[in-house]
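Take a look at the sequence and the structure, then read on.

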Amino acid sequence: MKRRDFLLSTGALALAANSYSKILGANDKIGIALVGAGRRGRWVLKELLATNRMEPIIFCDVWDEQIKRTQEYTKTNNIKTTFDLEEVLSNSKVDAVVLATPDHLHKDYAIRILEAGKHLLLEKPVTLKYKEGFPLKKAVEESGLVCQTGTQQRSSKMFKRVKEEFFSGSRLLGDIIFARAVWSNFGWQRRKLEEQPMPKNFKWDTFLGNSPKVDYHWPRYDGWRHYKEYGTGILSDLLTHWGDVAQWMMDDPNPMNAVTSGGIYHLKDGRTNPDTVNTIIQYKAGWNFTFECSILPVKNQHDSVLFHGTKGKLELFRAGYIYTPHEGSPVVFDNNENLTRAHMDDFLDGLVLGKQVSAPIEIGLEAVKPSYLAAASYWSGKRMKFNDDQTDIVEA
């Protein structure tokens with residue numbers, strides 16, 4: 001019997017009957033594969049390896065240079081490499097896969113990984129398009145495997161404590177009317193990318209996947225977040241994080257509609273995704289969430305979510321929070337957690353102990369709902385909403 005087919009231990013029987021039916025032995029090192037060896041993929045892999053609970057088995061990417069960079073960054077040698085996802089899926093030593101490809105490949109790759117019996121760590125946003133979430137969720141449910149999605153705030157002790165102390169009946173903030181998120185200044189997405197010849201050992205068609213077939217153009221690969229065929233840029237990379245935090249704290253994953261204004265105001269380099277946006281999202285429970293972001297060097301004191309209530313306000317960011325009551329002195333808390341490491345430990349506990357992970361597929365799909373609405377509004381120029389049965393995005 002393969003380790004990933006090991007049935008739930010006695011200590012994990014409290015889980016629901018249909019959850020995590022395939023966990024691993026507690027004393028085994030978990031065989032891990034990396035699919036998508038770019039910047040984010042190698043950062044996540046390094047944190048996984050630092051737990052000393054993982055064994056790297058195989059690295060997969062469309063360009064061998066990315067794999068070489070990953071090997072150097074993680075100090076891993078003699079690891080099998082491939083351009084072909086099927087080599088990963090057929091490798092019996094692989095128990096779990098880190099999927100960190102461009103967004104447009106997430107759904108198809110994730111389903112293939114689950115169908116092959118591999119646990120999954122899926123970077124956010126879980127899908128590029130709203131309708132892709134339905135078959136992905138079904139695949140996770142039918143697999144009985146662990147799927148952790150990439151909103152690492154969910155594994156933070158501080159964020160959990162804030163949820164308990166400020167949002168679980170304490171009324172310290174009174175009635176919350178607005179949540180305002182800001183996050184700007186992204187040098188990586190400001191890079192000026194010039195055309196260059198196709199590198200040796202680079203698989204352009206594999207990169208394109210199921211996106212429209214176009215001729216090779218280097219900036220589309222090296223700056224894929226700039227192009228709507230492969231991602232939604234700041235509307236998914238960043239809005240997904242802070243939208244998830246706001247929804248989690250407010251116990252309201254039900255955005256009703258969104259209106260987005262923005263454009264390519266300064267970086268006129270052929271990209272299609274905006275360099276600057278403002279979004280307002282209305283929620284069913286009676287509050288507004290606003291998101292302000294630019295790739296340009298606009299610096300805020302904190303990249304944060306600020307909750308405005310009738311009794312005070314709370315500015316929440318990864319490195320801490322500031323609570324300012326209407327009456328009384330402000331409270332400042334500093335946080336030095338490594339959120340990515342915490343998220344990796346949570347994923348591994350799900351694999352070995354059968355614990356519910358902090359960001360299962362349901363949370364991942366809820367986290368990206370405000371991003372779907374915001375992007376739909378940006379591209380249509382109209383206020384957009386989910387239809388009554390939540391199967392599509394339509395004009396409000």
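Let's begin with helix H4 (residues 106-115): seven of its 10 residues are buried, so this helix is largely enclosed by the rest of the structure. Buried here means under 20% relative accessible area, exposed means over 50%, and partly exposed is anything in between (1.4 Å probe, protein chains only). Helices (H or I, at least four residues) and strands (E, at least two) are DSSP runs, numbered from the N terminus.

Which residues of H4 are the buried ones? They are His106, Lys107, Tyr109, Ala110, Ile111, Ile113 and Leu114. Their packing partners include strand E1 (30-35), strand E4 (96-99) and strand E5 (119-122). On the helical side, these buried residues pack against helix H3 (85-89), helix H5 (133-143) and helix H7 (204-208). Just after H4 comes Gly117, with a positive phi of about 85 degrees.

**Some ground rules**

This is a predicted model, in which local features need pLDDT of at least 70 and side-chain atom pairs count only at pLDDT 80 or more, while totals for chains, interfaces and linings use all residues. Residues are numbered from 1 along each chain as its sequence is written, and side-chain values use heavy atoms, leaving out hydrogens and water.

The score pLDDT is the predictor's confidence in each residue, from 0 to 100. For the protein chain the mean is 93, and 93% of residues reach 70 or more. Residues 1-21 are another story: pLDDT stays under 50 there, and the model has 47 contacts for them beyond four places in sequence. A contact means heavy atoms within 4.5 Å.

**Domains and cores**

The domain assignment gives domain 1 (30-152) and domain 2 (154-337 + 361-395); such bounds come from an automatic or database assignment. Their centres, taken over C-alpha atoms, are separated by 23 Å. Where the two meet, 33 residues from domain 1 and 42 residues from domain 2 take part in the contact.

How many residues does the largest nonpolar core have? There are 77, and Phe167, Phe289 and Phe307 have the most contacts inside it. Helix H10 (residues 239-250) gives the most to this core, with seven residues. Both domain 1 and domain 2 are represented, each supplying at least three residues. A second, separate core has 22 residues, among them Ile30, Leu45, Leu48 and Val357. A nonpolar core is a set of buried Ala, Val, Leu, Ile, Met, Phe, Trp, Tyr and Cys residues joined through side-chain atoms within 4.5 Å.

**What the record says**

**A few residues up close**

Ala181 sits in strand E7 (residues 176-182). Is Ala181 buried or exposed? With a relative accessible area of 0%, Ala181 is buried. Leaving aside residues up to four places away in sequence, Ala181 touches Trp242, Phe289, Thr290, Phe291, Glu292, Ser304 and Val305. From Ala181 to Thr324 is 143 residues in sequence and 17 Å in space, C-alpha to C-alpha.

Asp349 belongs to helix H11 (residues 339-353). Its side chain makes a polar contact with the side chain of Arg53 (3.0 Å). A polar contact is a pair of N or O atoms within 3.5 Å; within protein, one must be able to donate a hydrogen and the other to accept it, and residues adjacent in sequence count only if both atoms are side-chain atoms. Not counting residues up to four places away in sequence, Asp349 touches Arg53, Gly354 and Lys355.

Now for some backbone details. Lys75, in the loop between helix H2 (64-74) and strand E3 (80-82), has a positive phi of about 55 degrees although it is not a glycine. Lys75 is exposed, with a relative accessible area of 72%. Asp251 lies in the loop between H10 and strand E8 (255-263). Its phi is near 55 degrees, a positive value in a residue other than glycine, and at 57% relative accessibility Asp251 counts as exposed.

Finally, where is Pro125? Look in the loop between E5 and H5. A cis peptide bond joins Lys124 and Pro125, with omega about -10 degrees.
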